[in-house]
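Dear colleague,

Please find the structure below, handed over for your records. My notes on its salt bridges follow.

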Amino acid sequence: MSTQVSEEVREALHEGRPVVALESTIIAHGLPRPRNLAVALELEELVRAGGAVPATVAVVDGTARVGLDRAALTRIAEDPAVRKLGHRDLAPALATGATGATTVSATAWLADAAGIRVFATGGLGGVHRGWTETQDESADLRLLARVGITVVCAGVKSILDVPATLQRLETLGVTVVGYGTEHFPGFYLSSSGEPVDWTLRTPEEVAAVIRAQDRLGGPRAALVVGNPVPVAEQLDPALHDRVLAGGLAAAQEKGISGQGVTPFLLEYLTVHTEGASLEANLAAVRGNVRLAASIAGAYGAGADGVAAAPGADGR
Ligand code: PSU
Ligand code: MN
C-alpha cells in the first residue's frame, strides 16, 4: 500500500492502544495562518492528554501519510500550494507527487484503511443551500456511508442546508447520534434545531455502539457523533444568521463554486464576525478532539474493561 503509517501510530494500533485520526483540510484551508499551525499542534496535544495517539492525515509529495511529523505538519499549515483533497483526488495526487490536505472524506478513507476507528473534526461537509441549482453536496457524505469509522463532529457546517444533509445521511444509512443532546449540533451554534433519533451521554455508551456495529457486521457505514459546542462558547445566533446571509450572497456574486465554497464561507464568517466565528469553530474542534480520545480509550478498553484489540495484553 502506498500509505505510510507513522511508526508511533503503527505501534499503537498493533498494541491495541487508542488512536484518533485528525484531518488536515481544516488546518490548510479552514483556519487562518499562522494560527493554523498552532492549532494543529494543540489538537495533537489534546489527543495525547486524553490518553490516545494522534494520527493527522495528509498527502505529502505523493505519499499518503497517517501520522505526521512536525516538518510535514508545518508544510501542510504553511505552504500555500497545498491542495485540498477529497477522496476522489487521492489517486491523482499520489500518481503526480502532489501535496495536499485531506478532507473528511479522504481522511476517513485513509484512516479506516490503516485500521483507525475514531476520527475527530470540526464540522462535516454536507448538502449546500441552493442544492437544486448547484448540486453541491460534499463528498464527505457518500464516503461516510462506506467506512466503519466513528466521526466526532459539531454537526455539519451551519453554512449548509442542515435538514437536507440529515436527510441524505439517513438515506445513505449513516448512523447519527447526539452527544448529550436531543438535537443535532449546529457547528458554530450549539443546536441546529433539528432533532436526532438517538442520544448518548458517555464515551462508554458511544464505545458500546461501536462494538454493536462490530457484532452486527453487515454493510459498513460511519457513526456520526454530534457533539455540540458549549452554549457559552457558541457564536451569537443572531450575528451568525446575519453574517452568513452576507457570505452566501458574496459567494454567489463572486461566482465561487466547487471546492472553493466552504473555505470562502468559513473565511468570510471569520472576517465579518471579527474572529468570533473562528473562536466558536476552535472551541467546537477542541471539544470534539477531547471526546474522540475518550471514546477511543473506552472502545479500546472493551466491554469488560479488558483491551479489545490483539496484542494489547502487553500493556
Ligand atoms: N471542519 C472545520 N473546518 C473545515 C472542515 C471541517 O471546522 O475546514 C473541512 C473538512 O475537511 C470537510 C471539508 O471535509 O471542510 C468540506 O469541504 P467541502 O464542502 O468542499 O466538501
Ligand atoms: Mn462542495
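Asp61, Arg75 and Asp79 are linked in a network of salt bridges, a salt bridge being a side-chain nitrogen of Lys or Arg within 4 Å of a carboxyl oxygen of Asp or Glu. The model is predicted, so local features need pLDDT of at least 70 and side-chain atom pairs count only at pLDDT 80 or more, whereas totals for chains, interfaces and linings use all residues. Residues are numbered from 1 along each chain as its sequence is written, chains are lettered from A and ligands numbered from 1 in the order in which they are written, and side-chain values use heavy atoms, with hydrogens and water left out.

Helices (H or I, at least four residues) and strands (E, at least two) are DSSP runs, numbered from the N terminus.

A search of the whole structure finds twelve salt bridges. Among them, Asp112 and Arg220 meet at 2.7 Å, N to O. Asp112 belongs to helix H6 (residues 104-113) and Arg220 to the loop between helix H10 (203-216) and strand E11 (223-226), so the pair joins parts that are 108 residues apart in sequence. Asp112 is buried, at 16% relative accessible area, and Arg220 is partly exposed, at 45%; buried means under 20%, exposed over 50%, and partly exposed in between (1.4 Å probe, protein chains only).

Yours sincerely
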